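Let's take a walk through this model together, going from the overall layout to a few individual residues. Keep the viewer open as you read.

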Amino acid sequence: MTPVDCAGALLSIDLNALVENYRLIARRVAPAEVAGVVKADAYGTGASAVAAALLEAGCRRFFVAQLEEAIALKPELPDSVQLFVLNGLQPGAERHCRDAGAIPVLNSLDQIRRWSQLAQASGRTLPAALQVDSGMARLGLSPDEVRALLADRSLLEGIELVLILSHLACADDPSSAFNDKQVAAFNDFTRHFPGVSRSLDNSGGSFLNHPHYEVVRAGIALYGGAPQDSANPMHPVVSLEARIAQLRTVGPGTGVGYGLSHLAEETSHIATIPVGYADGWPRHLSNRGSAFIGGIRVPIVGRVSMDSMTLDVTHVPDMLLYPGAPVELLGPHQSIDDVAADAGTISYEILTQLGHRYRREYRLAEPAEQKRSMTA
Ligand SMILES: *Cc1c(COP(=O)(O)O)cnc(C)c1O
């Protein structure tokens with residue numbers, strides 16, 4: 001890991017806050033259980049550390065998007081824990097999925113057929129989840145495929161269905177009538193499989209007033225992002241602190257950065273910090289985003305470069321301005337949702353783009369290593 005003096009910024013991940021968020025969702029959806037969605041390296045926060053913390057908190061089901069992610073994570077989980085692959089089975093990946101002990105989310109009749117064939121060739125049943133498309137037109141069995149499956153259950157030969165799931169298109173909007181339509185479609189399908197656990201909600205869905213079934217799949221809310229468009233009840237998990245690399249004073253009319261897209265109107269103090277778009281700070285924040293020094297907002301001026309960006313620190317007291325001085329990019333004054341709003345995107349994208357040049361620090365009441373060996 002990069003020593004703190006060598007890195008341009010410190011990324012802190014508060015696993016205690018993550019566990020608090022897990023418990024908050026669990027209380028809200030009980031008696032449904034909360035599964036941890038740890039795809040994309042746990043939304044950029046580190047799948048190993050996050051999974052260990054969630055395991056300790058009682059989480060027994062995890063979701064990744066891709067088989068490669070499952071292959072990497074499975075050895076770190078106890079055998080009894082279920083690890084699902086949301087994107088399903090690519091042709092040719094069946095054996096790798098079986099050998100990894102991962103549970104594919106079967107999204108089409110073709111995938112069902114290939115998993116069933118492998119189960120029969122392996123001489124044992126293989127576990128699977130089944131996804132039905134309840135209205136999002138992305139992944140899952142289409143209405144035609146549902147009819148075909150219900151007409152011929154032998155398609156599932158050799159497959160032990162451990163979960164049926166679907167995904168909501170508008171879960172972040174409680175006023176959307178489409179949520180009810182998807183619940184109805186989901187009920188209509190799952191009633192044909194009594195006794196199989198069901199899962200419909202992501203983070204947003206967990207905060208809707210509708211049935212939560214047996215399992216919810218929480219992602220962004222675990223990591224502190226707002227589950228819905230309204231006020232955010234989650235605890236912030238990620239903070240990012242850069243350090244001033246250089247300071248200068250510029251006269252009126254001085255251009256700053258590539259393209260001289262910012263012109264100083266008056267004599268100004270400019271601080272350069274060693275974080276840029278290669279570190280996941282969106283270039284779209286050029287001349288529109290913010291950072292904070294001592295709680296004072298300092299606007300990004302000029303373009304965000306690959307490895308650095310420039311801040312107008314004219315209104316910050318001198319004592320807070322020196323090479324190495326801390327600059328808040330994510331923290332008490334600026335959330336991932338704030339940055340996403342400025343950049344015209346969603347917190348998911350800000351998190352999953354977090355760079356690999358930061359020094360990373362995990363905060364946990366007890367060391368993660370110790371916890372992992374306790375649960376192994
Ligand atoms: C990513 C994903 C989730 C988690 O969604 P959040 O909105 O981050 O909670 C749940 N289910 C599916 C199918 C997903 O792709």
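This is a predicted model: local features need pLDDT of at least 70, side-chain atom pairs count only at pLDDT 80 or more; totals for chains, interfaces and linings use all residues.

Eight residues from domain 1 and nine residues from domain 2 make up the contact.

How much area is buried between domain 1 and domain 2? The value is about 770 Å², and carbon and sulfur atoms give 64% of it. As for polar links, two residue pairs are in polar contact across the interface of domain 1 and domain 2, both at pLDDT 80 or more. The count of salt bridges between domain 1 and domain 2 is zero.

Now zoom out to the chain as a whole. The C-alpha atoms of the protein chain fill a box of roughly 80 × 45 × 40 Å along the principal axes. The protein chain has 12 helices and 19 strands, and 52% of its 376 residues count as buried. If you look at contacts between residues at least 6 apart in sequence, 65% of them join residues at least 24 apart.

Next, turn to the interior. In soluble globular proteins, nonpolar side chains tend to be buried together. Here the largest nonpolar core has 118 residues, and the members that touch the most others are Ile-25, Phe-62, Ile-112, Leu-149 and Trp-281. Helix H1 (residues 15-29) gives the most to this core, with eight residues. The core also draws at least three residues from each of domain 1 (31-223) and domain 2 (238-363).

Leaving aside neighbours within four places in sequence, Ile-112 is in contact with Leu-106, Leu-130, Leu-141, Leu-149, Leu-155, Leu-156 and Ile-159. A second, separate core holds five residues, among them Val-256, Ala-264, Ile-270 and Val-301.

Some backbone details deserve a stop as well. The peptide bond from Ala-30 to Pro-31 is cis, with omega near 10°, and Pro-31 sits in the loop between H1 and strand E2 (33-37).

Two residues other than glycine have a positive phi. For Tyr-213, phi is about 55°, and this residue is placed in the loop between helix H9 (203-206) and strand E9 (215-218). Is Tyr-213 buried or exposed? Tyr-213 counts as buried because its relative accessible area is 12%, under the 20% cut-off. For Asn-287, phi is near 60°, and Asn-287 lies in the loop between strand E14 (268-273) and strand E15 (290-293). With 35% relative accessibility, Asn-287 counts as partly exposed.

Our last stop is Arg-363, found in strand E19 (residues 359-363). With a relative accessible area of 38%, Arg-363 is partly exposed. Beyond neighbours within four places in sequence, Arg-363 is in contact with Ser-12, Ile-13, Asp-14, Leu-15, Asn-16 and Ser-239. Glu-157, by comparison, is 206 residues from Arg-363 in sequence and 46 Å away in space, C-alpha to C-alpha.

Methods. Residues are numbered from 1 along each chain as its sequence is written. Side-chain values use heavy atoms; hydrogens and water are left out. A nonpolar core is a set of buried Ala, Val, Leu, Ile, Met, Phe, Trp, Tyr and Cys residues joined through side-chain atoms within 4.5 Å. Buried means under 20% relative accessible area, exposed over 50%, partly exposed in between (1.4 Å probe, protein chains only). Helices (H or I, at least four residues) and strands (E, at least two) are DSSP runs, numbered from the N terminus. Domain bounds come from an automatic or database domain assignment. Contact means heavy atoms within 4.5 Å. Buried area is the accessible area (1.4 Å probe) that two parts lose on being put together, summed over both. A salt bridge is a side-chain nitrogen of Lys or Arg within 4 Å of a carboxyl oxygen of Asp or Glu. A polar contact is a pair of N or O atoms within 3.5 Å; within protein, one must be able to donate a hydrogen and the other to accept it, and residues adjacent in sequence count only if both atoms are side-chain atoms.
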